[in-house]
Amino acid sequence: LVVVCFLTISLCALSSEDVLSKDAGECAICLEELQQGDTIARLPCLCIYHKGQVFLGMDINHEKVSFTGCIDEWFEVNRSCPEHPSD
């Protein structure tokens, strides 16, 4: 991952999308567990968050329940890592 410092570049462009190889605790944004196989974004500070569609399970009508990845929504209104806002 190459980081280029321009004032106009968004942190989304600096994140690396990956699939989690093992459970990694709790996502600091949604507080759901980061589980093996989840699609994640790894920021330059090495923090990881859900990325893309996150599948939660089935509802009572047997339809898939999911939400947009946490970091995608976070970066719509924020310009820094949720755990390192001064970086």
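This is a predicted model: local features need pLDDT of at least 70, side-chain atom pairs count only at pLDDT 80 or more; totals for chains, interfaces and linings use all residues.

Trainee: What makes residues 1-14 a stretch to read with caution?

Mentor: The pLDDT, a confidence from 0 to 100, is below 50 over residues 1-14. Where pLDDT is low, the coordinates should not be read in detail. Helix 1 (residues 11-14) has the lowest confidence, at a mean of 43, whereas strand 3 (residues 48-50) has the highest, at 89. For the protein, the mean is 75, and 68% of residues reach 70 or more.

Trainee: What is the order of the elements from the N terminus on?

Mentor: The order is α-β-β-β-β-β-α, with two helices and five strands.

Trainee: Why is a set of residues called a nonpolar core?

Mentor: The term requires buried residues of listed kinds, Leu, Tyr and Ile among them, joined through side-chain atoms within 4.5 Å. The largest such core has 13 residues, and Leu34, Leu43, Tyr49 and Ile71 have the most contacts inside it. Strand 2 (39-42), strand 3 and helix 2 (70-77) each give two or more residues; helix 2 gives the most, with three.

Trainee: How do you know that leucine 34 is in contact with residues beyond its neighbours in sequence?

Mentor: Contact means heavy atoms within 4.5 Å. Leaving aside neighbours within four places, leucine 34 has contacts including Leu20, Cys27, Ile40, Ile48 and Tyr49.

Trainee: How much of the protein counts as buried?

Mentor: Buried means under 20% relative accessible area; of the 87 residues, 26% count as buried.

Note on methods. Residues are numbered from 1 along each chain as its sequence is written. Side-chain values use heavy atoms; hydrogens and water are left out. pLDDT is the predictor's confidence in each residue, from 0 to 100. Helices (H or I, at least four residues) and strands (E, at least two) are DSSP runs, numbered from the N terminus. Buried means under 20% relative accessible area, exposed over 50%, partly exposed in between (1.4 Å probe, protein chains only).
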